[in-house]
Amino acid sequence: MNSPFVMVIFGVTGDLAQNKLMPALFSLFKQKILPQDFFIVGFSRKDMSDDDLRHHFPQLMTQAGWTEFAKHLNYQQGTFEEKEGYSLLVDKLKKYDEQTGACITRFFYLATPPIHYEGILNFLRSTKLAEGCGQGSNKWTRIIVEKPFGKDLETAIALDKKLSEIFEE
């Protein structure tokens, strides 16, 4: 992967991010698979700073390369159910686009329990985060949904429908 990107991890302080997602991203970094310009934004309700997030992964902090990788980590406080955090996220992502001089690809990773998916998706749509950097298209945005994908067939179908309304396959 050579192109700059930003990955927003909803639920960054949870077990999935702690035990699987952040170790995997750090491994890609150490293997030099990630581009030079990438940004990882953790989103959760906890009152934290960027530095607090960088110190939230003690099992990784002692490994060689963590300090360099951690420079790519930033934090945005917000609840999944309130618009304010998403609005602040819009501003943060605009700064990354300005910094790189391009509309960079955005990955939205839902590392949350399924009960939060609908609310997050609604705010990604209403704040136009799903449209990338405001070009009116979701060409440069991707959504990553963690399993379980709904709690049964009915909720899985409903989630698939909602995703297809906001994002292209």
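Strand β1 (residues 5-10) pairs with strand β2 (residues 38-44) in the parallel sense, over six bridges; pairing requires at least two bridges found by DSSP between two strands. Strands (E, at least two residues) and helices (H or I, at least four) are DSSP runs, numbered from the N terminus. Within β2, Ile40 is the bridge partner of Met7.

The open sheet comprises five strands in the order β3-β2-β1-β4-β5, with parallel pairing. Its edge strands, β3 (73-77) and β5 (141-145), each pair on one side only. From one strand to the next, the twist averages 20°, where axes are lines fitted to C-alpha atoms (for helices over the stretch in contact) and angles run from 0 to 180 degrees between N-to-C directions.

## Basis of the description

The model is predicted: local features need pLDDT of at least 70 and side-chain atom pairs count only at pLDDT 80 or more, while totals for chains, interfaces and linings use all residues. Residues are numbered from 1 along each chain as its sequence is written, and side-chain values use heavy atoms, with hydrogens and water left out.

## Helices

Helix α5 (residues 83-100) lies across β1, β2, β3 and β4 (105-110) and runs at about 175° to β2.

In helix α6 (residues 117-126), the buried residues are Tyr117, Ile120, Leu121, Phe123 and Leu124. Viewed down the α6 axis, these residues fall within an arc of 165°, so they line one face of the helix; the arc is that of the directions from the helix axis to the C-beta atoms. Buried denotes under 20% relative accessible area (1.4 Å probe, protein chains only). The buried residues of α6 pack against β1, α5, β4, β5 and α7 (153-166), contact meaning heavy atoms within 4.5 Å. Just after α6, Lys128 adopts a positive phi of about 65°.

Key. Buried means under 20% relative accessible area, exposed over 50%, partly exposed in between (1.4 Å probe, protein chains only).
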